[in-house]
Amino acid sequence: MLSSSEIRRRFLDFFAENGHTVVASSSLVPGDDPTLLFTNAGMVQFKSVFLGEEQRDYHRACSSQKCVRAGGKHNDLENVGVTARHHTFFEMLGNFSFGDYFKHEAIAYAWELLTDPATGFGLDPARLWVTVFEEDDEAARIWLDEVGVDPARFSRIGAKDNFWSMGELGPCGPCSEIFFDHGPEVAGGPPGSPEAEGDRFTEIWNLVFMQYNRETDGSLTPLPRPSVDTGMGLERMAAVLQGVHDNYDTDCFTPLIAAVRALAPTPEAEGARVSERVVADHLRSVAFLLADGVVPTNDGRGYVLRRILRRAARHGRLLGFTRPFLAELLPALIGQMGDAYPELAARRGQIVRTMEREESRFLATLDHGLALLSGALADLPAGEPLPGEVAFRLYDTYGFPLDLTRDVCAEQARAVDEAGFAQAMEAQRIRARASWKGGAEREAQVVYRRLLDEVGESRFTGYVKIDGEGTLLALVRDGARVERVKAGDEVELILDATPFYAESGGQAGDRGRLVADGVEVEVADTKAPIPGLICHRGTVRRGELAAGARLTCVVDPEARAATARNHTGTHLLQAALREVLGDHVRQAGSLVAPDRLRFDLHHFAPIDEGQLMEVERRVNEEIWRHEPVITRQEALEEAVASGAMALFGERYGDTVRVVSVGDFSKELCGGTHVANSADIGLLVIEREAGIAAGVRRIEASTGAAALTYLRHQGERLAQAAAVLKTDPELLTERVSRVAERERELTREVEQLKRRLAEQEASQGEVEEVNGVAVVVRDLGEGDADSLRRLADSLRAQGSPFVALLAARHKGKPLLLCAVDRSVTDRIQAGDVVKQVGRHIGGGGGGRPDLAQAGGKRVEGIAAALEAGMALFREKLAG
């Protein structure tokens, strides 16, 4: 029986021996594909190669790709842990041909690896079933005539299951799928039959033959260099080779489930089997996503991560955990997968801190959600189902799982309006799709890809000089290619060669001018909408232009120099941050513009003033060392092995550009830089703040911009000193004295307010009902604090009382109900404000002895107080 590690290794070794280059798994965050939330297949990192946008040193590749499918159309979290083969994280084994071999070799490789006991997995051919696209006679002939597959174990399937497309347009082609037969004791029929939905036949390998290009009119044209993309799920293959029917019974999961069971306070709880599986699966997703730089947030990838982590925590609660526990399982995961994916161990500290912090927050949220749900149920008539919109709000805002809402409702013999929940969920998905930019970008990229095919790549010449000449290859206006433009037109220009740097890696695109006889174009920005295509975006100021014109390119020298200072400064900043804060610091994003730089980093806590000062000191120390900035081309593996920092999740070619500043900083970078660190002059950190859980942002400036910032700070210091009538050198002492005096005055004001409240309490009209003082009063202008002070004064008198107090604050009504604790068995403050709050167009709640409400209608205060008095009399009369 092969372990999952051995299956992975045998797969890669088999294809390496057959001339394939073994390519490491890419990040779970797609490097340059805005249409995907996560990497969800092995071919994602090769997408630009299949599209012909990128050339690599090899034409055959194989990989074991980490994948996440959760969110979007794969949002079936509720099935994970329940079924045998639903996972959020999985590994996809694949072999790929980029215009090299095609159907004959791909089918032969697959059959040999699956059935040959010497070189492959030694499966019995009688346990395998093969399908092809119903119109793919070529693949059918290879399987039946050349490989010799039994026709009785062969099916032709329609396009829904056996024709693959990269998108609405572009490469596509038929598929051939291989299934494993678990035997007649398992329910289900062969692929293509009415019983195919059963579990007897499990797909283990999909061979995709990319042989067509789908055009805008829907027609298919043959590709000049057909390619192959295959995918084999490691977990499914492990189940087959380890003789089990359930993926969770393989060694991909059993060590993790054992670790959960060993830690769980109540491992024998009802439903524990499902909860153990959920935790094991979700642990893998959470750990790998955190290792790849995703952080929990309220939208996009971070939202999906947060949902998965919270679902794991919820199932931990069902197993008896009342504390954060996921991080305690990380050693088991590293032991299981750390050799194949060393980033788990390398980023262990960051993973643990984020897990613990997020899980702790959710445990508090979970208790809050239960309280909110209990309140919502208390307001419903007996037996009435919980509205779907309430269940969705708990799910969406508080991460409160629907299954938990369902369980709590069932305890009260209530149902959940799941149709309403689904409707609210779909509305949210529509909103998310509308805000997700991937669809629009995909449409735009079709235009640029076609343009790249027609005119070829643009060559960047701006590392050495910032001027030069280029031939105008194409013009784009309003998203369409045009033949000619004139003065006043906003346009995109593509040249064969240009010194203009296109926005990339956080560095802003160059601006400047493109000129010829009688023609001038003001370039406001430079973009690279797809790899290989440089677009100059600007306005024609003079003359007319058509393709074929020779243009002189002039990059704005001041903007380029300022951008270079900020870019090299950013490299030094990252190196100093890692030195001061620790090696866990990694870039989470950046902006390098002429006037400023911004650096986002993964760090688990605010950076204190002392640390910021030390980071700034170290950067400037390196600047003033006059270190040469050296750029050179290196092989990717050699560069990373030598210590060069790579932006995690970014896709690099086999040869990379390495930028070094002395021995202090070394990074993979394609941007523009100064020649010597001294050219930066000075770097000043302007501000630091948190922008997401576990992500900090530093904003800084260099050179003349840094000097301007310091001058402005000095001017503000002088102005503040003048206002306080002191010298700038004595400002801190003066401000301290003023602040202390303000605190003294605040204390005096609070004492006066308390005295006024006591006086108001003793002088106001009081009605007594059965020995209880009843106070109903409109205080006019006031805030919630003034209402509470009066309530405290009434309570301090030591006699039984009830009070309903009103005030107006910033044009909005406020109500406060206070009840002596000796009276709460007859009157509860929360019930009072709920009932009378409707008169002011609002509501509220609180404790039995103190509650408050806000509203919209000031004119309803009198009616609210009248209703409160009537309620007090009614309750106290009995």
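Mentor: Let's start at Asn770, which sits in the loop between β28 (767-769) and β29 (772-781). Strands like these are DSSP runs of E with at least two residues, while helices are runs of H or I with at least four residues, and both are numbered from the N terminus. Before we go on, know that this is a predicted model: local features need pLDDT of at least 70, side-chain atom pairs count only at pLDDT 80 or more, and totals for chains, interfaces and linings use all residues. Residues are numbered from 1 along each chain as its sequence is written, and side-chain values use heavy atoms, with hydrogens and water left out.

Asn770 has 55% relative accessibility, so it counts as exposed. The cut-offs go like this: buried is under 20% relative accessible area, exposed is over 50%, and partly exposed is in between, using a 1.4 Å probe and protein chains only.

Now hop to another loop, the one between β30 (801-809) and β31 (812-819), where you'll find Lys810. Lys810 also isn't a glycine, yet its phi is positive at about 55 degrees. With a relative accessible area of 73%, Lys810 is exposed.

Gly714 and Ala807 are 93 residues apart along the chain, and their C-alpha atoms are separated by 46 Å.

What about the inside? Asn162, in helix α5 (residues 159-162), is buried, with a relative accessible area of 0%. Leave aside its neighbours within four places in sequence, and Asn162 is in contact with residues including Thr131, Phe133, Ile157, Pro174 and Cys175. Contact here means heavy atoms within 4.5 Å. Val260 in helix α7 (residues 254-263) is buried too, at 1%. Not counting residues up to four places away in sequence, Val260 touches Glu276, Val279, Leu319, Phe321 and Leu329. Val260 and Glu765, on the other hand, are 505 residues apart in sequence and 65 Å apart in space, C-alpha to C-alpha.

Let's check the cysteines while we're inside. A disulfide is a covalent bond between the sulfur atoms of two cysteines. Here, a disulfide is counted when a pair of cysteine sulfur atoms lies within 2.5 Å, and the count comes to zero. Take Cys252, which is in no disulfide: the nearest cysteine sulfur belongs to Cys67 and is 13 Å away. Cys252 counts as buried at 3% relative accessibility, and Cys669 counts as buried at 10%.

Next, see how helices pack. The axes of helix α23 (residues 829-836) and helix α24 (residues 861-877) come within 9 Å and cross at roughly 135 degrees. That makes α23 oblique to α24. Axes are lines fitted to C-alpha atoms, for helices over the stretch in contact, and angles run from 0 to 180 degrees between N-to-C directions. Under 35 degrees is roughly parallel, over 145 roughly antiparallel, 65 to 115 roughly perpendicular, and the rest oblique. Val832, Gln835 and Val836 of α23 make the contact with Ala864, Ala867, Gly868, Leu871 and Phe872 of α24. Those residues split into six nonpolar, two polar and no charged. In this sorting, Ala, Val, Leu, Ile, Met, Phe, Trp, Tyr, Cys and Pro are nonpolar, Asp, Glu, Lys and Arg are charged, and the others, Gly among them, are polar.

Another helix pair is α1 (residues 4-17) and α3 (residues 103-115), packed at an angle of about 135 degrees with their axes 11 Å apart. So α1 and α3 are oblique to each other. In this contact, Phe11, Phe14 and Phe15 in α1 meet Tyr109, Glu112 and Leu113 in α3. Five of these residues are nonpolar, none is polar and one is charged.

Finally, zoom out. The chain has 24 helices and 33 strands, and its C-alpha trace spans about 100 × 80 × 50 Å along the principal axes. Of the 878 residues, 49% are buried. And among contacts with a separation of 6 or more, 68% join residues 24 or more positions apart.
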